[in-house]
Amino acid sequence: AGTRPGAFRAGELALAEVRRKHNTTLKLLCRLAAGSVLSSPGGVLPHHDIIGQLPGQVLRTSTGTRLLVRRPSLEEYVLLMPRGPTIAYPKDVSAMLMMMDIHPGNTVLETGSGSGAMSLFLSRAVGPKGRVISYEIRDDHHNLAKKNYRHWRAAWEIGHMEEWPDNVDFILKDISTAAADMKFIALDAVVLDMLNPQSALPVVHPSLKEGGVCAVYLANITQVIDLLDRIRTCRLPFTCERIIEVTHRNWLVLPA
């Protein structure tokens with residue numbers, strides 16, 4: 001009869017959820033392959049027991065532990081994929097995407113590919129007719145970002161029977177030396193996720209369309225002050241519209 005439409009296929013990603021004490025959940029990510037097994041604190045589950053099943057099924061491990069198995073969201077993938085540097089967390093990415101007003105067809109510059117989290121969210125936001133240009137100065141981060149992006153695209157195509165846009169150009173180069181690259185690019189938005197974003201501003205601002213937004217992801221207020229000082233002293237044509245900290249709080253609700 002073959003594999004049912006919508007069922008798991010070899011080569012795609014599967015997410016298994018294990019219920020733990022205090023109503024918490026452990027999430028395990030795996031790429032399905034015949035002959036492989038998913039190891040969990042509650043035993044193992046052969047991949048062939050997952051392949052052919054519809055997402056959302058509860059399966060049992062070798063010791064009888066119940067696992068809810070489904071396809072991962074992009075948010076879950078970026079939180080569980082291999083990392084080098086710390087990623088831009090989905091809560092922060094969501095805020096930056098709204099601030100930049102990214103929409104399909106846009107061309108967006110990213111500096112600091114990192115592990116590829118922001119690149120993936122930007123890829124989805126700009127769509128197949130858009131373009132993301134992602135600069136990274138470190139070779140190991142550059143390769144990891146490309147690998148994570150490639151793995152997500154491949155798994156998406158197998159699981160959803162449609163192609164994820166191939167719209168990210170990963171470039172191994174220091175953005176501060178890329179002025180020549182910027183001459184013939186018109187950018188709708190820029191996102192900077194790097195230690196010294198002030199070094200990138202003089203390079204990218206000539207390519208940013210009038211009214212375009214540059215979102216900067218910084219870890220502490222000292223970096224924010226340094227950035228604002230550089231904009232002021234160099235008289236760069238940027239206006240600081242707002243500085244925000246994004247908080248995220250999980251609620252545990254236990255009905256009586």
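Is Leu120 buried or exposed? Keep that in mind while you load the model, which is predicted.

**Whole chain**

Start by selecting the protein chain. Its secondary structure comprises seven helices and eleven strands.

Now show the surface. The chain exposes about 14,200 Å². Carbon and sulfur atoms supply 53% of that area. Colour by burial next: of the 256 residues, 44% count as buried.

Switch to contacts. Take those with a separation of 6 or more in the protein chain: residues 24 or more positions apart account for 61% of them.

Then colour the charges. There are 29 positive and 25 negative ones in the chain. Their mean positions lie 6 Å apart.

**Helix H3**

Select residues 117-126. This is helix H3, and Leu120 is found in it. Zoom in on Leu120. Its relative accessibility is 0%. The cut-off for buried is under 20%, so Leu120 counts as buried. That settles the opening question.

**Around Leu120**

Leu74, Tyr77, Val78 and Met81 are among them.

Finish on one pair. Pick the C-alpha atoms of Leu120 and Leu74. In sequence, Leu120 and Leu74 are 46 residues apart. In space, the C-alpha to C-alpha distance between Leu120 and Leu74 is 8.1 Å.

How values were computed. Residues numbered from 1 in each chain as written. Predicted model: local features only at pLDDT ≥ 70, side-chain atom pairs only at ≥ 80, totals over all residues. Heavy atoms only, no water. Helix = DSSP H or I, 4+ residues; strand = E, 2+ residues; numbered from the N terminus. Buried < 20%, exposed > 50% of the residue type's maximum accessible area, 1.4 Å probe, protein only. Contact = heavy atoms within 4.5 Å. Areas by Shrake-Rupley, 256 points an atom, 1.4 Å probe, with all protein chains shown as cover. Lys, Arg positive; Asp, Glu negative; His and termini not counted. Charge placed at Lys NZ, Arg CZ, Asp CG, Glu CD. Lists of a residue's contacts leave out its neighbours within four places in sequence.
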